[in-house]
Amino acid sequence: MKGSVAMEATRRRAQHGANGKSSEEGGQPAQWGRAWEVDWFSLSGVIGLLCFAPFIVFYFVMACDQYQCSVSQPLIELYQGETTLLSIWSRAPSFTWSAAKIYAIWVTFQVFLYMCVPDITHKFIPGYVGGVQDGARTPAGLINKYEVNGLQCWLITHALWFANAQYFHWFSPTIIFDNWIPLMWCANILGYAVSTYAFTKAYLFPTCAEDCKFTGNVFYNYMMGIEFNPRVGKWFDFKLFFNGRPGIVAWTLINLSYMAKQQELYGHVTNSMILVNVLQALYVLDFFWNEAWYLKTIDICHDHFGWYLGWGDCVWLPYLYTLQGLYLVYHPVHLSSVHALSVLLLGLVGYYIFRSTNHQKDLFRRTEGSCSIWGSKPTYIECSYNSGDGGLHRSKLMTSGFWGVARHLNYTGDLMGSLAYCAACGFGHILPYFYIVYMTILLVHRCVRDEHRCSSKYGKDWKRYTDVVPRRLIPGVF
Ligand code: NDP
């Protein structure tokens with residue numbers, strides 16, 4: 001689900017030309033999936049991101065800590081000589097052992113829940129798909145099994161959080177906010193450690209050698225990953241764990257900690273903070289409710305595990321996806337009823353489109369088209385493709401329901417929801433709007449990248465599909 005668009009930009013450029021064979025072209029198995037070769041533009045993008053992405057995260061968090069969330073003020077002061085990079089750096093809270101202890105307990109607890117508590121929720125929650133599930137076919141032709149227990153881990157973690165806040169008082173609910181920058185150093189250490197481990201492991205003891213991709217460029221390999229589905233033992237899957245657990249379980253806890261801080265500082269919680277908490281919790285819960293579906297999304301099906309996912313899940317996601325809540329601690333915005341209701345409506349409509357579109361594709365693919373979409377049998381285009389082992393496979397591209405309106409209406413819904421989070425923060429500063437800018441670039445680029453991959457995979461069948469559904473995100477426009 002996560003990562004930076006600039007990272008995706010470099011990947012797509014690298015894909016171009018390397019993945020250009022569909023099942024019909026060239027008389028050899030198609031090389032769909034991530035890049036096999038890297039050009040100089042991609043390489044400079046990769047090196048730039050490896051060097052600067054941690055500073056982008058630092059800049060936003062520091063702007064809140066030192067400049068009341070103004071992103072321009074530090075630049076103005078630097079320009080006017082009123083401050084220096086060194087003084088900004090020296091004012092930032094440094095690494096502390098107490099933050100390291102909190103972070104170590106947090107990650108260990110999530111590993112414990114992921115590995116040692118098999119899912120039981122699917123046995124008593126109707127409609128929820130959990131427990132052992134199959135992933136999608138990898139380029140080498142494998143189908144991995146996953147223990148889907150994210151919803152259960154989320155519920156246990158949050159139940160403990162509330163039990164602590166109400167009864168046990170082992171720690172303050174503001175603990176995350178109070179240690180935010182020291183925790184960021186810890187998250188960086190984990191992000192780099194796991195990426196480096198995955199990189200080394202791919203050379204020395206890969207989980208599935210046939211699904212590894214080496215581009216010949218060490219920086220690209222490090223960033224975009226070599227192994228497709230690195231695992232430790234049979235069940236510890238890096239992608240599923242790092243994306244979902246330190247990243248997305250943390251998201252709602254971080255927001256709750258911001259809410260507690262607002263209460264502590266101002267004696268009340270603003271309607272804007274409640275909106276951000278509710279809308280983002282809906283998105284997070286949706287993710288865990290549909291974790292089995294997530295196994296079929298691009299992150300798991302097509303991305304290799306490198307710094308892009310490892311560091312991105314540990315640092316980029318928890319620190320930048322939660323900027324709205326952080327901003328509201330410094331600026332407790334009170335929204336008028338009209339403004340609050342408009343934000344709520346935008347968020348809910350966006351969520352409805354996002355979820356329904358994803359659901360329609362999932363249902364269609366699971367039933368192989370034997371289902372009802374908007375009250376009738378779905379229409380589709382039959383297509384074929386080759387996997388890396390040379391096998392010929394068949395698939396279907398739906399042309400009805402939301403998938404007949406535009407080719408990625410799920411992204412459009414996601415963007416509407418993202419805009420709602422930002423709009424909940426009012427119009428005082430641009431910092432909370434970073435998220436919608438980032439998501440727009442990410443999803444537009446992801447759309448283009450996905451379509452390039454689909455075109456490589458399905459060849460002329462993809463062309464037939466785009467003739468029937470000509471728009472990507474907005475019907476009649478784009
Ligand atoms: P999709 O779920 O849209 O999956 C795209 C894939 O679906 C294609 O590669 C193709 O795969 C298949 N497909 C395309 N068109 C059709 C069709 N007409 N009928 C059937 N199958 C089709 O993309 P993502 O995995 O990127 O996104 C999943 C969700 O996650 C989205 O809602 C997105 O908004 C969200 N997301 C959120 C992010 C965040 O950071 N918050 C980041 C990224 C995504 P195949 O090879 O199987 O044919």
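A salt bridge is taken here as a side-chain nitrogen of Lys or Arg within 4 Å of a carboxyl oxygen of Asp or Glu. In the predicted model, Arg355 and Asp286 form such a pair, with 2.5 Å between the closest N and O atoms. Two salt bridges are counted between domain 1 and domain 2. Polar contacts between domain 1 and domain 2 involve six residue pairs, with both residues at pLDDT 80 or more.

On the side of domain 1 that touches domain 2, four helices each supply at least two residues: H12 (271–289), H14 (298–301), H15 (307–320) and H16 (323–330). Helix H12 gives the most to this side, contributing nine residues. By residue class, the side of domain 1 that touches domain 2 consists of 18 nonpolar, nine polar and four charged residues.

These features belong to a chain that is divided into two parts, with domain 1 spanning residues 93–334 and domain 2 spanning residues 336–477. The contact draws 31 residues from domain 1 and 35 residues from domain 2. A distance of 23 Å separates the C-alpha centres of domain 1 and domain 2. Between domain 1 and domain 2, an area of about 2,900 Å² is buried. Carbon and sulfur atoms give 62% of this buried area.

Notes:
Residues numbered from 1 in each chain as written. Predicted model: local features only at pLDDT ≥ 70, side-chain atom pairs only at ≥ 80, totals over all residues. Heavy atoms only, no water. Domains from an automatic or database assignment. Contact = heavy atoms within 4.5 Å. Buried area = accessible area lost by both parts, 1.4 Å probe. Polar contact = N/O pair within 3.5 Å; in protein donor to acceptor, adjacent residues only side chain to side chain. Nonpolar A, V, L, I, M, F, W, Y, C, P; charged D, E, K, R; others polar.
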